[in-house]
Amino acid sequence: MSTAINEMNELDFHQRFRTEEDCYKYLVKLKWADGFVCDRCHHTSCTELYHRKFPLYQCKNCHYQASAIVGTIFERTRTSLLKWFMAIWQMATDKRGFSAKQLERNIGVTYKTAWLMLHKIREAMIEREHMYFLNGIVELDEAFFGAPKKGGKRGRGTDKTMVLAAVSLTDDGKPNFAKMEVIPDAKSTTLVNFAYREIAPGTEIRSDAHRSYPKLSESGYHHVAHVFDQNKRPEHLKWLHVIVGNAKKMVTSTFHGLGTKHLQRYLNEFCYRFNRRRFKGEGFGRLLRLCVNSPTIIRRELENTFIP
Ligand SMILES: [Zn+2]
């Protein structure tokens, strides 16, 4: 029980979280690390009420009933917390990406439940990403995901899903952080809006000499564009293309190119893993905190688009 959550191995994990109560108590500890504080009036004493599946904490001052589940991805779930914790453990510790089929087998839920759980976790993965800007030198380009329809053209103008990918480089030219976003078109406003949201002002953006990119120079970025040519300029956008290639491999192996509605969540998962690839052993605690701080996606939103 003494192992810190960030240093747990698989055996520690199974010893620490054996029952529903172990998991719930941990969620309570995450919400109120320094003891109970009322969400409404900040009073610090409460009465525990036990007439539900999980206890409620009623503030002794304003009688507000707080829960450690409301406002997390576990809200309204019918799946046990133990199964959720195992799913998060597996998502956090698996290096390549985790499929619903594997989860179905590992924790004994239906395929549909496993699929929903994984998508909710992927949604939580993106929560904090928007708080960070890419900076320094950033490679930026469009990429196309998914199999082309029969007779489809290659490159721009196909039926594939368009994704804007950006990778920041370290001072010695190695990839640092990545962001990827499904975009509706390659118009200059779409590109500039993405840059405003995700790339720090003043950053050097390296890109292909595509027509929509010159707007970036007018928008506070130092824009360096060359026509992409693998023979003449092998270094130009090199890392971006390597990382997009890896993302495509990961997406095809778990996603099988079915539909594009959920592509953004698979990209979230890819970037989440990529951006944390240097962190060792802290994955579970970090991902669990994201799941606790991320309101669940309305179940119906996902169920209507369930792809078996
Ligand atoms: Zn209160």
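Biologist: What makes the span of helix α2, residues 20-31, close to the expected one?

Modeller: In this predicted model, α2 has 12 residues and reaches 17 Å from its first C-alpha to its last. The expected value is 16 Å at 1.5 Å a residue, and the span of α2 is close to that.

Biologist: Which residues of α2 are buried, and how do you know that they line one face of the helix?

Modeller: Cys23, Leu27 and Lys31 are the buried residues in α2. Seen down the helix axis, they fall within an arc of 75 degrees, and therefore they line one face of α2. The elements that cover them include α3 (81-93) and α10 (283-292).

Biologist: Why is His42 called exposed?

Modeller: His42 has 10 C-beta neighbours inside 10 Å, so His42 is exposed. His42 lies in the loop between α2 and β1 (46-49). Its phi is near 65 degrees, a positive value in a residue other than glycine.

Biologist: What makes His63 an exposed residue?

Modeller: His63 has 12 other C-beta atoms within 10 Å. Exposed residues are those with 12 or fewer, so His63 is exposed. His63 is found in the loop between β2 (56-59) and β3 (65-66). Although His63 is not a glycine, its phi is positive, at about 65 degrees.

Biologist: Where does Lys101 lie, and is Lys101 buried or exposed?

Modeller: Lys101 lies in helix α4. With 12 other C-beta atoms within 10 Å, Lys101 is exposed. From Lys101 to Lys112 there are 11 residues in sequence and 9.4 Å in space, C-alpha to C-alpha.

Biologist: How do the axes of helix α4 and helix α5 cross?

Modeller: Two packed helices are described by the angle and the distance between their axes. For α4 (residues 100-107) and α5 (residues 111-126), the axes come within 8 Å and cross at roughly 115 degrees. The crossing in which α4 passes α5 is right-handed.

Biologist: Which residues of α4 and α5 meet, and how many of them are charged?

Modeller: From α4, Ala100, Lys101, Leu103 and Glu104 meet Tyr111, Ala114, Trp115, Met117 and Leu118 of α5. By class, this contact has seven nonpolar, no polar and two charged residues.

Biologist: How many helices and strands does the protein chain have?

Modeller: The protein chain has 11 helices and eight strands. Of its 308 residues, 31% are buried.

Definitions and conventions: Residues are numbered from 1 along each chain as its sequence is written. This is a predicted model: local features need pLDDT of at least 70, side-chain atom pairs count only at pLDDT 80 or more; totals for chains, interfaces and linings use all residues. Helices (H or I, at least four residues) and strands (E, at least two) are DSSP runs, numbered from the N terminus. The expected span of a helix is 1.5 Å times one less than its number of residues. A residue is buried if 20 or more other C-beta atoms lie within 10 Å of its own, exposed if 12 or fewer, and partly exposed in between; C-beta atoms are placed from the backbone. The arc is that of the directions from the helix axis to the C-beta atoms. Two residues are in contact if their C-beta atoms, placed from the backbone, lie within 7 Å. Axes are lines fitted to C-alpha atoms, for helices over the stretch in contact, and angles run from 0 to 180 degrees between N-to-C directions. A crossing is left-handed if the near helix is turned anticlockwise from the far one by less than a right angle, and right-handed if clockwise. Ala, Val, Leu, Ile, Met, Phe, Trp, Tyr, Cys and Pro count as nonpolar, Asp, Glu, Lys and Arg as charged, and the others, Gly among them, as polar.
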